[in-house]
Amino acid sequence: MTTPDDPVRRRVLAASLAALGAAALPALAAAPLAVTPPPGGDADARTGTRLILLGTAGGPTPKALRAAPASAVVVDGAVYVVDCGNGVARQLALAGLRLGALRGVFVTHHHSDHNADYGNLLLLAWAADLRTPVDAWGPPPLKRMTRQFLRLNATDIRTRIADEGRVDPATLIRAHELRSGGEVMRDERVRVRAAVVEHPPLQPAFAYRFDTADRSIVFSGDTRPSAALVELARGADVLVHEVMYLPALEKLIASEAQAARLRQHLLDSHTTAEQVGQVATQAGVKTLVLNHFVPGGDPALTDEVWRAAVAPHFQGELVIGRDLLEL
Ligand SMILES: [Zn+2]
Ligand SMILES: [Zn+2]
């Protein structure tokens, strides 16, 4: 048993993060993204429930091949964002979604690949066309983070209020802290529930389930195989789940002094390709969407590699996620 202050544990965690970052390729140009402009020009006007993967790489290091974790659920034009990895506002713009249509933000946990642009998303939406309240949910200390972020940006905020006649963003942004699973919110379009998942050492970390009139979509967040997640996802139309490819990670960490311990740390807090198929099967979901790829910057890990690793363990529809994919 170690504590967060244990120097060995700190070294292992640092090495673990380095391993995830080392997965990024040095100087490889990103493959051009197939960005389909929204038909009719106004994506927000479409009815029904849409799922758009905004960023699909796991780990804190920016990568050429995939953007940082973020997804959008769009219900009758209202935008709900799950996780705010670096670049989330730009990814929303690339997806043809209006920042002013943002109604809810759901942070799964406070690793920087999931929250680095939490404040930026809200600030930039406000500087764009956000005029209606946005509710944000996540583990503590989300309220303090929100307050401090607004303070950090006080110069810009004060200037725009005076210069452009905008309302104070503090009156639009409502942060709520979650400490346990259960119903998170419900409005006229969507009901959102959460489950506490297993992503040590961060606690709590959440998975979220969205139920709308026409669809049910579950996001695992970061977790090792979790019984609570299986329960939350039971019978859902779509499960968007994190995945790691252990053989590639084993190669990356082979030279580390504590390779065995590092491997165990990854297994304690994330889900392998084999396990994600098993989780989706146990939950009985129709579609499994792979997301939060670790490593997320290795072009050798083609869709075929991921598919071959997961497919033997899940008989339903399997989607290999990519940035800006709409489902
Ligand atoms: Zn992550
Ligand atoms: Zn994490």
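The largest cavity is lined by 17 residues. Nearest its centre lie Asp-83, His-114, Phe-219, Gly-221 and Asn-291. Its volume is about 120 Å³. This is a predicted model, where local features need pLDDT of at least 70, side-chain atom pairs count only at pLDDT 80 or more, and totals for chains, interfaces and linings use all residues. Residues are numbered from 1 along each chain as its sequence is written, and side-chain values use heavy atoms, without hydrogens or water.

A cavity here is a set of points, on a 1 Å grid over the protein atoms alone, where a 1.4 Å probe fits but cannot get out; lining residues have an atom within 4 Å of a point. The structure holds two cavities of 30 Å³ or more.

Strands contribute to the lining of the largest cavity. β2 (70-75), β11 (238-244) and β12 (287-294) each supply at least two residues. The largest share, three residues, comes from β11. Strands (E, at least two residues) and helices (H or I, at least four) are DSSP runs, numbered from the N terminus.

Now follow the loops beside these strands. Between β2 and β3 (78-82) sits Asp-76. Asp-76 is not a glycine, yet has a positive phi of about 50°. In the loop between β12 and α11 (303-310) comes Pro-295. The peptide bond from Val-294 to Pro-295 is cis, with omega near -5°.

Another cis bond runs from Pro-140 to Pro-141, with omega near 5°. Pro-141 lies in the loop between β5 (134-138) and α5.

Helix α5 spans residues 142-152 and includes Arg-147.

Note on methods. Chains are lettered from A and ligands numbered from 1 in the order in which they are written. On a 1 Å grid over the protein atoms alone, a cavity is a set of points where a 1.4 Å probe fits but cannot get out, and a pocket is an open set with protein on both sides within 12 Å along at least five of seven lines; lining residues have an atom within 4 Å of a point. Grid points are joined across faces, edges and corners, and a volume is the space filled by probe spheres set on the points.
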